[in-house]
Amino acid sequence: MLLSRSPRTVPVSDVSLSTPVRVSPADASPPSAADLLDFVSRTAADAELVASLPLDPEGRTWLRLDGPGGSEAWLIAWPPGTGTGWHDHGGSHGAFVTASGELNEQSLAVRLPTEGWKTLELAEGVDRERRLSAGRGRAFGTHHVHEVINPSSERHAVSVHAYYPPLPLMRRYSRTGQVLRLEQVERPQEWE
């Protein structure tokens, strides 16, 4: 998530969602990736919330939200041309939806080992690309590796992301051709 501005936490109870948040009778069960996709889709449709996010021409801005079932959620503004770089979510599953503008996602359709390597050579055919215009998004599993980019040279994009469990860490990668290298492991305290 390469966050560059001070976050502001907004409890879901303070956010007027277009559809009420569904609370299951079995609160003990963690939200699935599908539950998170439902939450981020409804949150992205809240035009008032999306419009409340300050846009900075030079760096990303964000609001931290309380997601369903103890998940972590973020509303993020992406200036033109900005992106995350290759990363994973430390074993959390999640979902994200573009609320305005368009985002491109490059991802790997392969399960990478989480430990014990610094450099991997990727097989041909593992790359996937998605263009996610406003209202479009996706859910992903615990081994998802991707990068997200605002391809516009003129317009901000805004998106909503949710993760469960809350991100314990993120691994950052560099990529040259088919070679993926582990560069850094970030902890949550480094994002605040």
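Are Phe140 and Tyr163 buried or exposed?

Tutor: The model is a predicted one, and in it Phe140 and Tyr163 are both buried. Trp117 belongs to the loop between β6 and β7 (119-121) while Tyr173 belongs to strand β12, so their contact ties together parts that are 56 residues apart in sequence. Trp117 has a relative accessible area of 12% and is therefore buried; Tyr173, at 8% relative accessibility, also counts as buried. The pair in your question has another arrangement: the ring centres of Phe140 and Tyr163 are 6.3 Å apart and their planes stand at 55 degrees, so this pair is tilted. Phe140 comes from strand β9 and Tyr163 from strand β11 (residues 157-164), so that distant parts of the chain, 23 residues apart, are linked.

Glu105 and Arg138 form a salt bridge through their side chains, at 3.1 Å from N to O. What is the surface exposure of Glu105? Its relative accessibility is 0%, so Glu105 counts as buried. Arg138 is buried as well, with a relative accessible area of 14%.

The peptide bond that runs from Tyr164 to Pro165 is cis, with omega near -10 degrees. Pro165 itself is found in the loop between β11 and β12.

Arg175 is joined to Asp127 by a salt bridge whose closest N and O atoms are 2.5 Å apart. Arg175 lies in strand β12 (residues 170-176) and Asp127 in strand β8 (residues 127-133), so parts that are 48 residues apart in sequence are tied together by the pair. Arg175 has 22% relative accessibility and so counts as partly exposed. Asp127, with a relative accessible area of 34%, is likewise partly exposed. A further set of charged residues forms a network: Asp88, Glu115 and Arg171 are joined into one by salt bridges that share partners.

The structure contains two cavities of 30 Å³ or more, and the largest cavity holds about 60 Å³ of space. Its lining consists of 13 residues, and those nearest its centre are Asp88, Thr114, His143, Val145 and Arg171. Sorted by class, the lining comprises four nonpolar, seven polar and two charged residues.

The charged contacts extend beyond this region. The structure holds nine salt bridges. One is formed by the side chains of Asp38 and Arg42, at 3.1 Å from N to O. Here both partners belong to helix α1 (residues 33-44), where four residues, about one turn of the helix, separate them. Asp38 counts as partly exposed because its relative accessibility is 28%, whereas Arg42 is buried because its relative accessible area is 11%. A charge may also meet a ring: the charged end of Arg60 sits over the ring of Trp78, 4.4 Å from the ring centre.

One last contact concerns residues separated along the chain. Glu183 is found in strand β13 (residues 179-186), and its 49% relative accessibility makes it partly exposed. Between Glu183 and Trp86 there are 97 residues of sequence separation, yet their C-alpha atoms are 9.9 Å apart in space.

To return to your question, Phe140 and Tyr163 are both buried, and their pairing links strand β9 with strand β11.

Notes: Residues numbered from 1 in each chain as written. Predicted model: local features only at pLDDT ≥ 70, side-chain atom pairs only at ≥ 80, totals over all residues. Heavy atoms only, no water. Salt bridge = Lys/Arg side-chain N within 4 Å of Asp/Glu carboxyl O. Helix = DSSP H or I, 4+ residues; strand = E, 2+ residues; numbered from the N terminus. Buried < 20%, exposed > 50% of the residue type's maximum accessible area, 1.4 Å probe, protein only. Phe/Tyr/Trp six-rings, centres within 6.5 Å; stacked < 30°, edge-to-face > 60°. Lys NZ or Arg CZ within 6 Å of the ring centre and 35° of its normal. 1 Å grid on protein atoms, 1.4 Å probe; cavity = no way out; pocket = protein on both sides within 12 Å on 5 of 7 lines; lining within 4 Å. Points joined across faces, edges and corners; volume = space filled by probe spheres on them. Nonpolar A, V, L, I, M, F, W, Y, C, P; charged D, E, K, R; others polar.
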